[in-house]
Amino acid sequence: MDGGNQSKGSEFLLLGMSESPEQQRILFWMFLSMYLVTVVGNALIILAISSDSRLHTPMYFFLANLSFTDLFFVTNTIPKMLVNLQSQNKAIAYAGCLTQLYFLVSLVALDNLILAVMAYDRYVAICHPLHYVTAMSPGLCILLLSLCWVFSVLYGLIHTLLMTRVTFCGSRKIHYLFCEMYVLLRLACSNIHVNHTVLVATGCFIFLIPLGFMITSYARIVRAILRIPSATGKYKAFSTCASHLAVVSLFYGTLGMVYLQPLQTYSMKDSVATVMYAVVTPMMNPFIYSLRNKDMHGALGRLLQGKAFWKLT
């Protein structure tokens, strides 16, 4: 495993955050708990929105899709991570590693683009409330979501195909939780200038432009809220954006800790920051969106009461 060039039939070793059996047991139960909470939380959000006609609005349509993306995102990485923590064989096939990388890259991009579309939805709702129904028509919502999927799929394909051109030499031991872009590029012994250049260029398009759009949208939202004469009106308007702002801050804060640094300085200590955006953020999103949302509280209550009723009958 440790010598020669990497062939496409070879394997990587996902060693994780620790090789200590005691720490691996702790990590196993911690990640299993977080995975179950994430799956249950996001599944409840999707079921509550789909089952309650009062939540069939653009904001909740995009929220349901964000929850679906988060479900897919954690399922791409955590189950394999749990198997590795319990097994002596920590190998992952070359094809499996690239598959994991593709979905990881695509779903992070999709999360980001959906958050940008949700910011636009809040901008229209607060700054142009009289035109909201026509501006955020079902057709436009589906078109925006479709574009998010197309761009994220292309983004993932570009980087995965470029990774197939990379040659790996020496140790294929990955002291990381999953196959991640920077980790694999650090293991490469071939020229990765093209990969790095494309990563920066596409990253600006997929992440920085939507971030700039969200900042501009919220600047206009804040200006519109400040013009509302009553304190109650200001609070009501801001409360509709608070959850989205919290999720955006958590998403970009954790993502920035990992990727806003040169590739040369990237080290295995950044695995903690990776856990934040890959595991903690999807787990926290359902709590953030349902914490002070009365509509979501009501929908979840009706959903759970309905499940309890069917069990009794």
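The structure, which is a predicted model, holds 1 cavity of 30 Å³ or more. About 70 Å³ of space lies in this largest cavity, and its lining is formed by Leu14, Leu15, Gly16, Gln24, Met81, Asn84, Leu85, Lys90, Tyr176 and Leu177. When these lining residues are sorted by class, 6 are nonpolar, 3 are polar and 1 is charged. The largest share of the lining, amounting to 3 residues, is contributed by helix H2, which spans residues 58–86.

Two packed helices are described by the angle between their axes and the distance between the axes. For H2 and helix H5 (residues 138–163), the axes come within 11 Å and cross at roughly 25°. As angles under 35 degrees count as roughly parallel, H2 is therefore roughly parallel to H5, and H2 passes H5 in a right-handed crossing. On the side of H2 the contact is made by Pro58, Phe61, Phe62, Asn65 and Phe68, and on the side of H5 by Cys141, Ile142, Leu145 and Trp149. The residues of this contact between H2 and H5 comprise 8 nonpolar and 1 polar, with no charged residue among them.

The packing of H2 against H3 was examined in the same terms. The axes of H2 and H3 come within 10 Å and cross at roughly 160°. Because angles over 145 degrees count as roughly antiparallel, H2 and H3 are described as roughly antiparallel to each other, and H2 passes H3 in a left-handed crossing. The contact of H2 with H3 includes 16 nonpolar, 6 polar and 5 charged residues.

Helix H3, which covers residues 94–127, is in turn packed with helix H7, which covers residues 193–226; the axes of these two helices come within 9 Å and cross at roughly 20°. With that angle, H3 and H7 are therefore roughly parallel to each other, and H3 passes H7 in a left-handed crossing. The residues of H3 that meet H7 are Val108, Ala109, Asn112, Leu113, Leu115, Ala116, Ala119, Tyr120, Arg122, Tyr123, Ile126 and Cys127. Their counterparts in H7 are Ile206, Phe207, Pro210, Phe213, Met214, Ser217, Tyr218, Arg220, Ile221, Ala224 and Ile225. By class, the contact of H3 with H7 is made up of 19 nonpolar, 2 polar and 2 charged residues.

Notes: Residues numbered from 1 in each chain as written. Predicted model: local features only at pLDDT ≥ 70, side-chain atom pairs only at ≥ 80, totals over all residues. Heavy atoms only, no water. Axes fitted to C-alpha atoms, helices over the stretch in contact; angles between N-to-C directions. Helix = DSSP H or I, 4+ residues; strand = E, 2+ residues; numbered from the N terminus. Parallel < 35°, antiparallel > 145°, perpendicular 65-115°, else oblique. Left-handed = near helix turned anticlockwise from the far one by under 90°. Contact = heavy atoms within 4.5 Å. Nonpolar A, V, L, I, M, F, W, Y, C, P; charged D, E, K, R; others polar. 1 Å grid on protein atoms, 1.4 Å probe; cavity = no way out; pocket = protein on both sides within 12 Å on 5 of 7 lines; lining within 4 Å. Points joined across faces, edges and corners; volume = space filled by probe spheres on them.
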